[in-house]
Amino acid sequence: VIVSRLPRVGHAAREIAVPLFILFLWDVVVTLAYLRFTPSMETVELPTSLFGTALALFIGFAVNASYARWWEARSLWGQMINASRSIARQAVTLCRVDEAASRPDLARDIVYAQIAYVNVLRTTLRGQPTDAEAARLPVAMAEELASKINKPNAIVTDIGLLAAEAAHLGLLDTFAQVRIETTLVDIANAQGGMERIKNTPLPSQYRFFPSFFAKLFCVILPFAVVPKLGAYTPLGSALVGLMFLMAVQIGRDLMDPFANDIYDVPMSAMCRTIEIDLLQTIGEPAPEKMQPVDGVLW
Amino acid sequence: VIVSRLPRVGHAAREIAVPLFILFLWDVVVTLAYLRFTPSMETVELPTSLFGTALALFIGFAVNASYARWWEARSLWGQMINASRSIARQAVTLCRVDEAASRPDLARDIVYAQIAYVNVLRTTLRGQPTDAEAARLPVAMAEELASKINKPNAIVTDIGLLAAEAAHLGLLDTFAQVRIETTLVDIANAQGGMERIKNTPLPSQYRFFPSFFAKLFCVILPFAVVPKLGAYTPLGSALVGLMFLMAVQIGRDLMDPFANDIYDVPMSAMCRTIEIDLLQTIGEPAPEKMQPVDGVLW
Amino acid sequence: VIVSRLPRVGHAAREIAVPLFILFLWDVVVTLAYLRFTPSMETVELPTSLFGTALALFIGFAVNASYARWWEARSLWGQMINASRSIARQAVTLCRVDEAASRPDLARDIVYAQIAYVNVLRTTLRGQPTDAEAARLPVAMAEELASKINKPNAIVTDIGLLAAEAAHLGLLDTFAQVRIETTLVDIANAQGGMERIKNTPLPSQYRFFPSFFAKLFCVILPFAVVPKLGAYTPLGSALVGLMFLMAVQIGRDLMDPFANDIYDVPMSAMCRTIEIDLLQTIGEPAPEKMQPVDGVLW
Amino acid sequence: VIVSRLPRVGHAAREIAVPLFILFLWDVVVTLAYLRFTPSMETVELPTSLFGTALALFIGFAVNASYARWWEARSLWGQMINASRSIARQAVTLCRVDEAASRPDLARDIVYAQIAYVNVLRTTLRGQPTDAEAARLPVAMAEELASKINKPNAIVTDIGLLAAEAAHLGLLDTFAQVRIETTLVDIANAQGGMERIKNTPLPSQYRFFPSFFAKLFCVILPFAVVPKLGAYTPLGSALVGLMFLMAVQIGRDLMDPFANDIYDVPMSAMCRTIEIDLLQTIGEPAPEKMQPVDGVLW
Amino acid sequence: VIVSRLPRVGHAAREIAVPLFILFLWDVVVTLAYLRFTPSMETVELPTSLFGTALALFIGFAVNASYARWWEARSLWGQMINASRSIARQAVTLCRVDEAASRPDLARDIVYAQIAYVNVLRTTLRGQPTDAEAARLPVAMAEELASKINKPNAIVTDIGLLAAEAAHLGLLDTFAQVRIETTLVDIANAQGGMERIKNTPLPSQYRFFPSFFAKLFCVILPFAVVPKLGAYTPLGSALVGLMFLMAVQIGRDLMDPFANDIYDVPMSAMCRTIEIDLLQTIGEPAPEKMQPVDGVLW
């Protein structure tokens, strides 16, 4: 996500520069044609306000849905942070420490597995290789993971098995084990929500038509305003076109929050936050917070 | 659901092609009549902007409600995926394995019943025969199922009975059994939500009037624009009509997310996802992911 | 609720026919007066677009709030269906069957009380007599119920007492009893939500003003369009008026979802669904599904 | 809350009568001035449609936010009703009655404390004295309450202590006590939500500007319409002004749902409902339902 | 937050005074130029209503999103107040007091840690030093806190460890400990939600473009209205500009609810509320409520 206060004008400019430039050229052509052959077009007046109303409907649908997707994606990662902290706290506070001699590092194993989990989930969502992140797991788990299709879900099961082992050893009673399992349900729900957003793109009608009609509108616009604006047409037409194209672009930037681009939810930074908080919960040294690169936090 | 980035122009075109073609013919007729008999119509100017405002109100209601239905349907299936994974994990981690000699395959039975459940639910929602999917159940259960009216709900009860059997055998204590029951409550809530969307169509006013008024608007539109546009009327009028008809169509595509058409929530693919994840949770071989057919994931 | 795909045009027509007919007559009168005494009105031009903007604001508020009420009412009944199924499943799976000799029909009693409960709740919401439905309860309960003001809530307490009896007899341990009590909390919450919608009508401003201003608008409209439309005024004016009146009507149809009219949430059908599913859960014969009468499911 | 179907026209009229009358006078003055000195103003045409768009934006924000506050306030009281019924049911069904000899009236004490609680909460929210309501508590509790700043919260703690006493006496096991505590969490959450709405008014920008700009608009409006409407200006201008002022007024009526005025959430009636239901749950005689006074339910 | 009913006109004025003054000067310049060189501009008419539609879209997105952020921030603090009261109540009612001789002040320690927690969280969100607030903790905890990166989360873990100590000493059974842990999950979720709002600013497109296009609109506006308004242009143009700029400003005021400015959520006052309620729950003297300073509650 972009963390600087100003939008990255350069970036946004690149995205809409080409259509805007073509639009401007088109406006100039229409204007010159009009000024040259005025009489033949004099009486034409297009229903642009009706067209504008319909276009605003389309863009409004798409931008609202896109923003809701983006904010839900961020909220689901927030729930993942919360649940990660909770499972670490529960591992530390619910395991009976005085009897822990038989398996002293169980809480630590749970915490490390959770750190590996969020990183594997992040790389899976971004379509990146997960092996480096899975290497944080104990060797046996990491090997078994290789054969799994949904690797994050397999790690959640492994954490549940660690809790079952603790219960078997008498370090957790059933009730505390079930409390940890309930936190795993929260984690599974957050993961499932992310996969839902990732696997279910905005309906193709919402993706295609706002942009299509906005561009169509820009093609028609100069004919509508040239009788009133005359030589100023390219300026006025390009300005209105810019606003509609930019509104469409805002929707496009936000609609795929796990698309591995600069408008992404900052998953790497959030995984690092989880790593820091969880390591400190078990009293181990933690890495640094992640910093933005060129104003973008990944 | 359509997974290609571009909308299926061919498909959408077929859906609105007929009304659009009739509309265009009508525009041509009106325009020719106007150019032929101009004087008699010269002073008529219709309140199209008022009509457009009212029409935008109608379409806005219908499209927003339809999108909310579609996204809720998808979210409910997401909850079903999450709860399915959780019940499989709980079957594996909460059952006492060291005493399991008396009934070693209980966790496996629960997992298979859950896989059968989601597939029976899917076929029920789509109005397809459920027998092939019910055959995944143990024979006794499958036979009993034949007499049930709400087959999916009957399977949920069966899963609860499997957990009760485990509790009776001492493989689960009450607390763990209740945790599994709580997951069954989540499953029952997701199923109930899907049945709500399936059995309660959008109010008929929302289904009928946006389309009706949009078509009426298209009939009137050429009279309104022909004094200004002259011979360009068919073009301008058809363009505005296209936008309103397309907006109405978007609402219609999304309003029935379990209607067994190409805009459906991809239930077959999600059932397969559940099957894969659950089989891998109990260490059994899993089938392949489902692939889109002609760009549509069912 | 109306289940046919087409709205009941006859019904809707009856509802707005009278205002529409009066409106049309009025339009004709205004038009004739204008054509007869043109000169005196020639320069008048009303701010109808401003009026239309304000009216759209009003109607938008009312329709959105009404639809939200209707859908929440339906969702609350959906939750009631889910919770009813869950309590039946819990009665069957959590009660210890092997020790049940002392009171073998407790699960059955809970299920029958729940069926009576939803039917008493339905008749209470519709302001109908509840005695016939209460007769499904054991005689002692039904008699005691007669003196209660909130009969549905009294039955929920009775179900809780049945669970307490089971716990007292050793058929349920405390934990399972509390799980059933938690389901009763869900049931009480759904009931409370329905009473909230029933007892708290949409604010009177939302009920009165959209309709009032829409009618006022229809009175003024012909003056505004007659200078442009001339003899076509009644047609154009009535059309726009029809759209605004119909939009108001949609809001009115949906705002009282428990009003015992054809736009009602289909409570009788949902109570029957509950009856079928619960009886089948305890293995008893179930009645038929309820069918629509003249296209309306009650 | 007003329970009559028609809005209290008299009341609403009083609220906007003064501004409307001033507005009408102003319209007359402007119209007379225009008719007298036409030539000097002839060419002025104000951008009222732009102004109207911006004004609709402002009013839309304020009315939507106000309605959401009002409905949330009502929903929170609904949750309080539900939780009150649940805690009474739990007191009756979870306490072991066969061992209750040592403290037979514990369930009754919890129920009476809950009735006192909702009434103290109501009077606190309305800024009324709470002593009369606190007198329903046992003397010792009522005396201790006098020194508390947040009296309702102190009663919730007292109810928790009653449950702890029951657990100490062996009437509740820990699990049932925790179930009651969980209901207290629901009660505390509902109370906190009400305090949030009470203590956090709508941002002052939402309170001030819609009204300010609507009035400003009314001042400017006659200048805009007088060239077209002539002598009809006061009528047309006052009508549009009335709609915008009324829309603003709807927002103002709903924005403070605990303000002790006629648009209030009907807290007295709901507290009475709770009292009736809870007394009947423990088999004691209940008072009558509260009736509207002059069409207003308090 | 500003608690006076009127907005702080002086403050708001300062914020938009400079752009408004520049805008007014610009309007005057354009008007004078027009009146001086009329002929050359006579035929220019800008598409301001299209521009206004697009601008209203942008502002609507930004203001709605900003208000939702502000209200969610307030609601999350409300949840924190509720959970703080609940954890204090649970510490008092769930700990076995009759066996408390070994560690009599455990409930008190939990309450003091919770008070320290909310204050450390508040200072962290505002970017202020946390040492003074951390000093409320026992010395050992406060020292350990110094090395933590996420100090609030570390205190939540410490509270969990206090509960674990109580369980180890036999003052809490596992079930009551898990109930307290569940309250800690609520607290962690509220904290995580606040960090989400704090760390994820509104997308930069929502921050930048509404303001940018509103100013651009103000620059263009006088050209559009001067042919109609003549010498009144600065007045009319500035008025419309004022409304759009003010609408943008409302969004900017609300979008960062933890920004330590006068539109902030009143965190200091809410922390004081928590301190008062929690100290009174354990029967200790409480400080005064916080009062507004110059009409602002911090």
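In this predicted model, the side chains of Asp256(C) and Arg207(C) meet in a salt bridge, with 2.7 Å from N to O. A salt bridge here is a side-chain nitrogen of Lys or Arg within 4 Å of a carboxyl oxygen of Asp or Glu. Asp256(C) sits in the loop between H10 and H11 of chain C and Arg207(C) in helix H9 of chain C, so the pair ties together parts that are 49 residues apart in sequence. (Helices are DSSP runs of H or I with at least four residues, strands are runs of E with at least two, and both are numbered from the N terminus.) Asp256(C) counts as buried at 17% relative accessibility, and so does Arg207(C), at 9%. Buried means under 20% relative accessible area, exposed means over 50%, and partly exposed is in between, with a 1.4 Å probe and protein chains only.

Over all chains, the structure holds 61 salt bridges. One of them links Glu144(B) and Lys148(B), whose closest N and O atoms are 3.8 Å apart. Glu144(B) is partly exposed at 43%, whereas Lys148(B) is buried at 14%. Disulfides are another story: the count over all chains is zero, going by a rule that asks for a pair of cysteine sulfur atoms within 2.5 Å. As for cysteines, Cys95(C) is buried at 10% relative accessibility, and Cys95(D) is buried too, at 11%.

Next comes the place where chain C touches chain B. Contact, meaning heavy atoms within 4.5 Å, takes in 53 residues from chain C and 57 residues from chain B. The size of an interface is often given as the accessible area lost when the parts come together. For chain C and chain B the buried area is about 5,000 Å², with carbon and sulfur atoms giving 69% of that; the value is the accessible area (1.4 Å probe) that two parts lose on being put together, summed over both. The rule finds two salt bridges across this interface. In one of them, Arg85(C) pairs with Glu195(B) at 2.9 Å between the closest N and O atoms. Arg85(C) lies in helix H3 of chain C and Glu195(B) in helix H8 (residues 174-199) of chain B, so this pair joins two chains. Both Arg85(C) and Glu195(B) are buried.

Polar contacts turn up as well, with 12 residue pairs between chain C and chain B, both residues at pLDDT 80 or more. Such a contact is a pair of N or O atoms within 3.5 Å; within protein, one must be able to donate a hydrogen and the other to accept it, and residues adjacent in sequence count only if both atoms are side-chain atoms. On the side of chain C that touches chain B, H3(C) gives the most, with 20 residues. By class, that side has 30 nonpolar, 12 polar and 11 charged residues. Here Ala, Val, Leu, Ile, Met, Phe, Trp, Tyr, Cys and Pro count as nonpolar, Asp, Glu, Lys and Arg as charged, and the others, Gly among them, as polar.

Residues are numbered from 1 along each chain as its sequence is written, and chains are lettered from A and ligands numbered from 1 in the order in which they are written. Local features need pLDDT of at least 70 and side-chain atom pairs pLDDT 80 or more, while totals for chains, interfaces and linings use all residues, and side-chain values use heavy atoms, leaving out hydrogens and water.
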